Structure formats: structure tokens, C-alpha cells
Amino acid sequence: MRRYPFKEDFLWGASAAAFQIEGAWDEDGKGESIWDRYCHNPGNVANGDTGDVACDHYHRYREDIALMKELGIQVQRLSISWPRIFPRGTGKINQKGLAFYRDVIDCMLENGIQPFVVLYHWDLPQKLQDAGGWANRETASWFADYAQVMFEALRGKVRFWATILEPQVIAYNGNWMGNMAPGIKDFSTALQVAHNLLRGHGLAVKRFREMGMTGEIGIINYFPTAYPATEAEEDRKAAVRHDGAWTRWFLDPVVKGRYPEDMWRWYQEQGVVLPELCPGDREVISQKIDFLGVNYYYSDFVKAGTDIWPTMVSLAKPPVEQFTQMGWPVYPEGFYDALMRVQRDYGIKMIVTENGGAFHDVVNWKGEVNDDARVNYLHDHLIQLHRAIQDGADVRGYLVWSIMDNFEWAFGYEKRFGIVYIDYPTQKRIVKESGRWYGKVIRSRGTKEELW
């Protein structure tokens, strides 16, 4: 056996999102979000599940933070519900919403946990969707106004800020595939949404700098490493296009100040209506960031085909034996490749902000959850993370997804990612085997051989 030690200042933590855990969907002045509307329309979410109660974190946050402390969590990533602060998206501030997040963050700090705040994790105020949503250019400015309010409200209490989480998923799943809120199916709209998301990100970063905020700010992207299914030239090109759509389209403008030229030309050839670029947009989007949040779950194996327009690719069967409950291939080597690719192509400091797997968790007769599959998943991915750091990837922290089971978007409560089990009928919390194992990794910083 060998050890996989991490540096003393390496940050260990976990992540969660407001809509997925808070509940209290219409309490204390909170406005309706696009996910509230999406859930309340029958047929959109498995089993008719909604986020109305979720994990009831809104009322149980002190209990949850005590559990985080027990596990040794150093950094907890949370998101702010925009409609809890601005019920209509703009205008009058809901002071009870602000007070809630101040209380949560103060409680984290009292328990020795650093809060990592995400400003937008998919729950756009429905009133703004009624005005065009992220396809409306003005939404980026409204987002910056909301961000400024949060910066001032939490000034000096937050070290890490992220503007937008996974703009790819917001744009594509919500506005191209239509399997997430707001449920639109139009690729040209998705690209306009993507552009305005990136503009909103840049405007928020600009406000952060102008306000003289302390701490660091970045954006969180989704990184499914794309591999060609075969050595054929057409499959190699298909993998480049798939990567161009899902990664380069969203990261090149932020870090390099431009959209990838090959994808711009390809979309034009396919008849896509490209987003309108106004003077100054590129400069806004490419505001300097302090870190990149990396979310990794699986890799894609791609071949040329007609299944997915306009990229003209098909997804091939992955060459792996293990899959998570989501049907995602377990491929830890893809995690290593994703981290090394970011280092090579973008040269930016990274924090792993999500990594984890959904598995079929059962409470046994002892009241325990022995989730060996999740322990194995995390174990193998942490080894690849250690390998990437040893090979030069500038990764400063690792946040597991997720601290607790939660509302998994269109899958409702069927899929469990947490290291803490939630019994939804009773709201009882049970630390899983993976949670206890992860706590030992944190405390030893990977130095104990028996963990590996």
C-alpha cells in the first residue's frame, strides 16, 4: 500500500445548492424561481417530485452545519437563491432572505467552516424568465446588480465566490435539450443564453473588483473529457467538436477573450443563429478571474454521427465496466486528463468544486448506510487528483458532491449523491460510510495507508 499525501494548505470540503436542499420555497418573502415553476408543471420531474421541502435545510441548517463540523469539512460550497433576495428578480430587496444567508454563513464561521458562495446555481427568478430569461441581454445586468447586493451583505465573511455554475448545463439542458428549467428547445436560443451568462459573469467580476472586495472570485465549469471512440479521423474531429461545444465555447471567452473560431464557423455552416456580439462584450466576459471551479463526473466517448445536431456527433458506448446509478461511466482517468488539460490549455489555478457519484443507497438493520461503491468512486478519483497535482496541475482544493442527498433536478429524489443520507419522510440525517471515510481522509490529508 502507499499513501497519497496532500499539502497542508490543500482545502477539503463539500458542496450543495440552494434549490436542492433548502425547501421553504415560498416562505419569508421568497419569490418563485424557474425551478419552482418547472417542478409544479406535471411530467417534468420524476415521480412528480418538487423542491418545496427538499432537505428542509432552511430550517435545519444549524443541524447540518454541526454535521459538517463533525466530518471535518473545511470549506462548504453553498449557493444563494436569487429569488429569495429579489422575489421579482430586481427592485425591492427581501431583507428576510438576506438575513437567512447571513445567519447561515455566520454559523459556518462559528464552526470553523469557510463558506464558498455561488451566486447562481440555476434558480432564476420566474419574473425574469417571463421577461425573456437569460436570452434577454438585460438579465446579465440584473444579475450584476444582485451580485453587488450579496457582495456588500457578506463583505469580509467569504473567501471564495463563484459567479455562475455550469453555464453549459444552464444553456444546453435548459434551453436546447429542454430537460431542465425553463424547458426550452432551441439551439440558437441556447447560444444567446450562454453569451448572456458569460456577460453576467464578467459584469459581476467587474463589480467585485470595483467594490474592493477581499477574497477570490471565479466561475465553475463542467468538464466531461471528450475522447474519440476510435482512431478514425472523423471520430477525432467529432470529439474536437464535442469538446468545442461543451468546454471551449464556455471557457475560451473567459480566459482567452474570444469564442473558438472553429466552432463559430461550424455553427454558421449548420445554420445556427449566433449570438450578437456588442462592442465591449469580449472585454467584459474576459475579466480576470482568480480560480476556475472544475466539476467532473464522467467522460464522453464520441464518434461522428447524426444523433446530436448541430455538432453532428454520436455518443459511443464507453469502454468501462462500472456505471453510476445515473448511467454515467466511472472513468477516473478522465478526471486526471481534465485537470491536466485545463493546466495545459488555460494555465489557471483550479478548485475541484464537484466530484461524486449516485449509487443505490440502503439503510441496513443497524441504521447504517454502507455505500462501498461511493467510497471506491471517491477513492479512485482522489488518487487521480493526487497524480495530476504531482504532474503539475495547480489544484488547491477538493469539494465532494454532495454533502447530503438532495433534490436531483429532473430526477427528483430517486438519485442520491450525498455522503450524508436523508430520510425524506422524517428528515433524519445519517452519515454514510463514505462520509466517515472522507472525514478520515480530511483529517489525515491522505497520509494514512489504510485509507488507500
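Student: Which residue lies over the face of Trp266, and at what distance from the ring centre?

Tutor: A charge counts as over a ring if NZ of Lys or CZ of Arg is within 6 Å of the ring centre and within 35 degrees of the ring normal. Here Arg241 lies over the face of Trp266, at 4.3 Å from the ring centre. Arg387 lies likewise over Tyr336, at 3.5 Å from the ring centre. This is a predicted model, in which local features need pLDDT of at least 70 and side-chain atom pairs count only at pLDDT 80 or more, while totals for chains, interfaces and linings use all residues. Residues are numbered from 1 along each chain as its sequence is written, and side-chain values use heavy atoms, with hydrogens and water left out.

Student: How many aromatic pairs are there?

Tutor: Rings of Phe, Tyr and Trp (its six-membered ring) pair if their centres lie within 6.5 Å; planes under 30 degrees apart count as stacked, over 60 as edge-to-face and the rest as tilted. The count is 56 aromatic pairs. Among them, Trp82 and Tyr146 are stacked because their ring centres are 4.9 Å apart and their planes are at 5°. This pair links distant parts of the chain, with Trp82 in helix α4 (residues 82-85) and Tyr146 in helix α7 (residues 138-153), 64 residues apart. Helices are DSSP runs (H or I, at least four residues), numbered from the N terminus.

Student: Is Trp82 buried or exposed?

Tutor: Buried means under 20% relative accessible area, exposed over 50%, partly exposed in between (1.4 Å probe, protein chains only). Trp82 has 0% relative accessibility and therefore counts as buried; Tyr146, at 1%, is buried too.

Definitions and conventions: Helix = DSSP H or I, 4+ residues; strand = E, 2+ residues; numbered from the N terminus.
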